[in-house]
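Keep the sequence and the 3D view open while reading. The text below goes through the model one region at a time.

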Amino acid sequence: MTTASFDTNTVTRQSLAHGPLGTALLDIERAHRGLTDFHAAHRKLAVSGPLIDGNHANLFLGAPAMAYVLHMAAAGSDRYAGALHTLDAAVAAHTRRRLAAAHTRIDQGHYTSFAEYDLFRGLTGIGALLLRRQPDSPELRRVLEYLVRLTEPVAGPDEQPRPGWWVGHAPASNKAATPGGHANAGLAHGITGPLALLALAKRRGVTVRGHAEAMRRILRWLDRIRQSDHHGTRWPRWVSLAGPAPSHVAAPSWCYGTPGIVRAQQLAAIVLADNDRKRMAERALLYCLADTRQLDLLVGRGLCHGVGGLIRTVQRVAEDADQLHAVKALNDWLQRSPERFLAAETPQASGFLEGTAGASLAFQIAEPDSSPATDWDACLLLT
């Protein structure tokens, strides 16, 4: 089933973000809604080849990615039962290896990395899969225990405390932006990914020692870096030794922007019964949606950086909002979103994260009187 070496074509075939595994999610959603059958999805899944399950495997690549897609296809049935049983064992073993390396790194006092902990490549993504596939497993509890430990401060070379998720490298988008490393706030690569996973696990009754305090530790850090003015509330993408990232107007994307950070805080506020924070988070999103300076920066339809991701995030926030004015405002925006979506550039690629498949999933579900048949956005930590 697995392979230790792989080339670019193998990676593409096994990519949830950019390859057929991701585009199969659209086919699966359509099949569950009775719009087509499962043959289209099955054809895409059949060409993946021997699955990657070594150190490079993650929620968006290889065996874990395949497990996620097959889980969505099965949707509680016995479809793909044999393959899922095999994949569950492979993912559990993979998780144990990753956790052993992470705890060794912490014991040695080194900084973490995106590849260790984040949603795309790290243990947060693996935890999101386990929460769906194996919620009662010891591996999920161990991932949550690791995330609790990740929130504990670490000492830098100058012996000054740093957040436990401080990475020694720069954000991928700007190699020279953070000399000395940084603490990232985004949902895709930053600490709001672990925050969302901890909240979602607690919402499903899965908790570990220190669970709530770890969430509060993250929230206190977000409060310290929060920025507010007459345009509303927002958070910098990261904090480095030089301070917060420049506070220029940024795109309201799912992966790095206010919407994703808001959703993580809303989920945390729900499970911590923190009504004040919940109201603050929902207001922050409303201000974001009213700021055309931000919205105009979303030029594409994709999930990660485009209008598609914003639409799906707004819909998830609206589902859990309980202030009548917030619910109405969010739903009113969703009713207007097709116009903005159609005005955005169509992706050139066909993939899930930045391509037409993900954009189509977000847009179809945003249509009036439409609801998803699967929680395809669980891999985005929105639910």
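What follows is an explanation of several parts of this predicted model, from helix packing to a sheet and the cysteines.

Begin with helix α7, which spans residues 123–133. How many of its eleven residues are buried? Ten are, so the helix is mostly covered. The buried residues are L123, T124, G125, I126, G127, A128, L129, L130, L131 and R132. They pack against five other helices: α4 (63–74), α5 (81–107), α6 (114–117), α8 (138–150) and α9 (192–203).

One of these neighbours, α5, can be followed in detail. Two packed helices are described by the angle between their axes and the distance between the axes. For α5 and α7 the angle is about 145° and the axes are 11 Å apart. The crossing of α5 past α7 is left-handed. On the α5 side, the residues that make the contact are L84, D88, V91, H94, T95, R98, L99 and A102. On the α7 side they are L123, I126, L129, L130 and R133. Sorted by class, this contact has eight nonpolar, two polar and three charged residues.

Helix α9, one of the helices against which the buried residues of α7 pack, also packs with α10 (residues 211–225). Their axes come within 10 Å and cross at roughly 145°, and this crossing, too, is left-handed. From α9, the residues in contact are T192, L195, L198, A199, A201 and K202. From α10, they are H211, A214, M215, I218, L219 and L222. By class, the contact of α9 with α10 has nine nonpolar, two polar and one charged residues.

I218 deserves a separate look. This residue lies in α10 and takes part in the contact with α9. Is I218 buried or exposed? Its relative accessible area is 0%, and the cut-off for a buried residue is under 20%, so I218 counts as buried. Leaving out residues up to four places away in sequence, I218 touches T151, W165, I191, L195 and L198. Two of these, L195 and L198, are also listed on the α9 side of the helix contact. I191 is 27 residues from I218 in sequence, yet the two C-alpha atoms are 7.3 Å apart in space.

The model also has an open sheet of three strands in the order β5-β8-β9, with antiparallel pairing. Its edge strands are β5 (182–184) and β9 (243–244), each of which pairs on one side only. Strand β8 covers residues 238–240 and pairs with β9 in the antiparallel sense over two bridges. Within the sheet, V239 stands opposite P244 in β9.

How many disulfides does the model contain? The count is zero, where a disulfide requires two cysteine sulfur atoms within 2.5 Å. For C288, the nearest cysteine sulfur is that of C255, 13 Å away, and C288 is in no disulfide. C288 is buried, at 2% relative accessibility. For C304, the nearest cysteine sulfur is again that of C255, here at 3.7 Å. That distance is not within the 2.5 Å cut-off, so C304 is in no disulfide either. C304 is buried as well, with a relative accessible area of 3%.

Methods. Residues are numbered from 1 along each chain as its sequence is written. This is a predicted model: local features need pLDDT of at least 70, side-chain atom pairs count only at pLDDT 80 or more; totals for chains, interfaces and linings use all residues. Side-chain values use heavy atoms; hydrogens and water are left out. Two strands pair if DSSP finds at least two bridges between them. Helices (H or I, at least four residues) and strands (E, at least two) are DSSP runs, numbered from the N terminus. Buried means under 20% relative accessible area, exposed over 50%, partly exposed in between (1.4 Å probe, protein chains only). Contact means heavy atoms within 4.5 Å. Axes are lines fitted to C-alpha atoms, for helices over the stretch in contact, and angles run from 0 to 180 degrees between N-to-C directions. A crossing is left-handed if the near helix is turned anticlockwise from the far one by less than a right angle, and right-handed if clockwise. Ala, Val, Leu, Ile, Met, Phe, Trp, Tyr, Cys and Pro count as nonpolar, Asp, Glu, Lys and Arg as charged, and the others, Gly among them, as polar.
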